[in-house]
Amino acid sequence: MSETPLWSQKKTYPPPKSPKIALWAQKKALGCKVLDTWSVHVRLKTVLLTVGLEALLKSYSLFQPYSPVLLTYGRSRKFVPKKTRKIKKLFKTRFFAKKSVKTSQNSPFLAYSRSLCYLSAMRINAVIFDLGETLFNYGRANVNACFRRGARLAYEYLESLAGPEQKMCSFDHYFTVHFLYIRFLYIWSMVVGREFDCLALLNRRIQPMGFNLTPDQLEELACLWYDVLGQQAQLEDNLHRTLEELQKMGVQTAILSNTFLPGIALDRHLSRFGLMEFFPVRVYSSDTIIRKPNRRIYLECLKQLNVEPAQAIMVGDRLREDVRGPGRVGIRGIFKRGIVNARKHVPADVPVIDRIAQLPEWIKNNYDN
């Protein structure tokens with residue numbers, strides 16, 4: 001019986017010692033994808049934090065904001081930038097970063113890799129706040145009852161503008177039709193990601209009654225609808241003192257909110273609480289037509305603040321709009337827990353605060369402010 005030639009024998013390797021490498025080899029043998037993205041991210045981030053190369057990373061355009069970075073695993077030098085090879089050689093690690101051209105904007109790899117931009121942000125220059133349940137706490141307010149009372153004020157305002165020959169519909173018909181239209185369009189706006197025009201809706205529904213209001217009168221009508229709900233809002237204790245402390249730290253403050261109400265109604269509400277001076281930048285979806293978590297509304301807010309994404313953080317009560325959405329453009333999100341979202345499950349890597357008063361101390365502990 002002839003022996004098998006040496007050239008035809010398969011080369012054998014000793015079994016791997018690490019169970020993770022053994023699992024990796026087993027998956028590779030079965031033809032499965034073997035990129036353990038979470039361990040890659042954690043290991044690379046741990047190495048960078050340990051050595052303390054925040055300043056070095058800041059000098060490389062690879063880790064600057066708006067740079068699509070995809071963490072990959074491998075040994076090949078093909079398609080690897082020269083700067084990346086230097087970093088790899090410096091750390092003598094098998095994990096390296098590679099610029100990705102075909103990475104989708106909604107890719108989870110890109111979303112997390114942009115979070116590495118936080119390492120290059122030595123200072124926070126802006127804090128973006130959500131409005132409802134963040135700056136204003138409505139708690140368990142009965143929204144339907146508040147809107148009904150607000151509709152009564154709007155109906156009385158229309159009666160004061162009505163001529164002697166104008167025929168007004170009943171209040172129940174006026175409230176029911178408007179409330180159903182607003183509820184339907186609100187749900188539809190969340191589906192399509194575009195805000196509806198509240199003033200156009202109010203004007204369209206009162207035209208059959210013979211009204212032809214001016215833009216100022218339409219804005220006043222919309223403010224009356226919201227006025228009762230606005231009176232139910234409460235501010236956090238020492239909120240003004242906290243905002244003053246942020247300004248002393250050199251941090252700009254802005255508002256970014258999803259709302260179908262015109263901006264003048266919310267500005268009037270802010271003025272009632274004496275908060276207008278703290279928020280020179282206010283971005284409402286009713287003005288931009290784009291709703292969170294569309295990335296364009298975050299970029300518009302950053303443009304008005306004139307800061308980079310890595311230099312800003314956002315505080316809000318919703319994970320999708322206030323944490324994951326801004327994270328796609330490089331803004332770090334902070335989850336604010338309150339009465340409404342007290343039982344909401346939050347991932348372990350997302351910062352959580354219970355009160356806005358905790359924000360200045362958190363910034364000082366995590367950044368060089």
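**Entry 1: a charged pair**

I began with Arg268, which forms a salt bridge with Glu220; their closest N and O atoms are 3.1 Å apart. I then looked up where the two residues sit: Arg268 is in helix H11 and Glu220 is in helix H9 (residues 215-231). They are 48 residues apart, so this pair links distant parts of the chain. I reminded myself that side chains of opposite charge can pair when their charged atoms come close. My note for anyone reading along: this is a predicted model. I also looked up the count of salt bridges, and it comes to nine.

**Entry 2: H11 and the sheet**

I stayed with helix H11 (residues 263-272) and asked what it lies across. I found that H11 lies across strand S4 (252-257) and S5, and it runs at about 135 degrees to S5.

Next I traced the sheet itself. It is an open sheet of six strands in the order S5-S4-S3-S6-S7-S8, and the pairing is parallel. Which strands stand at the edges? They are S5 (281-284) and S8 (352-353), each with a single partner strand, so one side of each is left without a neighbour in the sheet.

Strand S3 (residues 126-129) and strand S6 (residues 312-316) run parallel and are joined by four bridges.

**Entry 3: H6 against H7**

I turned to helices here. Two packed helices are described by the angle between their axes and the distance between the axes. For H6 (residues 143-161) and H7 (residues 171-192), the axes come within 10 Å and cross at roughly 125 degrees. H6 and H7 are therefore oblique to each other. Their crossing is right-handed.

Which residues meet? On the H6 side I noted, among them, Phe147, Ala151, Tyr155 and Leu158. Across from them, H7 brings residues including Phe171, Tyr174, Phe175 and Arg183. The residues of this H6 and H7 contact divide into nine nonpolar, one polar and four charged.

**Entry 4: H7 against H8**

I followed H7 to its contact with helix H8 (residues 198-206). Here the axes come within 11 Å and cross at roughly 145 degrees. H7 passes H8 in a right-handed crossing. From H7, the contact uses Tyr174, Val177, His178, Tyr181, Ile182 and Leu185. From H8, Leu201, Leu202, Arg205 and Ile206 take part. I wrote down how the residues of this H7 and H8 contact divide: eight nonpolar, one polar and one charged.

Technical notes:
Residues numbered from 1 in each chain as written. Predicted model: local features only at pLDDT ≥ 70, side-chain atom pairs only at ≥ 80, totals over all residues. Heavy atoms only, no water. Axes fitted to C-alpha atoms, helices over the stretch in contact; angles between N-to-C directions. Parallel < 35°, antiparallel > 145°, perpendicular 65-115°, else oblique. Left-handed = near helix turned anticlockwise from the far one by under 90°. Contact = heavy atoms within 4.5 Å. Nonpolar A, V, L, I, M, F, W, Y, C, P; charged D, E, K, R; others polar. Pairing = 2+ DSSP bridges. Salt bridge = Lys/Arg side-chain N within 4 Å of Asp/Glu carboxyl O.
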